[in-house]
Amino acid sequence: MGAQSYHHNRAKVTIDCTIDERAYIKMLAAKAHMNLSEFILSYLRKDFPQDRKPNQVTLDAMRESKEGKGIKCESMEDFWEKMGMNPNA
């Protein structure tokens, strides 16, 4: 098995930096007892959305969709018209 199949729910991100910057980031990560991914994500996760539960409006829309209710559109043009929006505005 390759590395990609091991982390099937993960994606790779590439960050371009100098060799010196990479070395410095690796030292900071090691000092924090983290690998590079953990270290970088520890700074970014604080800005990630925390509430992953759908709100009531979303729950109602999901229920309507499962029940076959709601607005049915024949095309994207039909969708925009029913939403009262001009996609080219």
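## Reading exposure

A residue counts as buried under 20% relative accessible area, as exposed over 50%, and as partly exposed in between. By that scale W80, with a relative accessible area of 26%, is partly exposed. Please keep in mind as you read on that this is a predicted model.

## The chain as a whole

Let's start with the overall picture. The chain holds 5 helices and 0 strands, and reading along the sequence gives the pattern α-α-α-α-α. Its radius of gyration is 22 Å, well over the 12 Å that the globule rule gives for 89 residues, so the chain is more spread out than a compact globule. Along the principal axes, the C-alpha trace spans about 55 × 35 × 30 Å.

How many of the 89 residues count as buried? The share is 3%. The accessible surface of the chain comes to about 8800 Å², and carbon and sulfur atoms account for 56% of that surface. As for charge, there are 14 positive and 13 negative side chains, with the centres of the two sets 10 Å apart.

## Around helix α2

T18 sits in the loop between α1 (3-6) and α2 (19-31). Its relative accessibility is 44%, so T18 counts as partly exposed. If you look from T18 to D47, 29 residues apart along the chain, you will find their C-alpha atoms separated by 26 Å.

Just after α2 comes H33, which takes a positive phi of about 60°.

## Two aromatic pairs

A search of the whole structure turns up 2 aromatic pairs. One of them joins F39 and Y43, with 5.2 Å centre to centre and 75° between the planes, an edge-to-face arrangement. Both residues belong to helix α3 (residues 36-44), and because they are 4 residues apart there, about one helical turn separates F39 from Y43.

Terms used: Residues numbered from 1 in each chain as written. Predicted model: local features only at pLDDT ≥ 70, side-chain atom pairs only at ≥ 80, totals over all residues. Heavy atoms only, no water. Helix = DSSP H or I, 4+ residues; strand = E, 2+ residues; numbered from the N terminus. Buried < 20%, exposed > 50% of the residue type's maximum accessible area, 1.4 Å probe, protein only. Phe/Tyr/Trp six-rings, centres within 6.5 Å; stacked < 30°, edge-to-face > 60°. Rg over C-alpha atoms; globule rule 2.2 N^0.38 Å. Areas by Shrake-Rupley, 256 points an atom, 1.4 Å probe, with all protein chains shown as cover. Lys, Arg positive; Asp, Glu negative; His and termini not counted. Charge placed at Lys NZ, Arg CZ, Asp CG, Glu CD.
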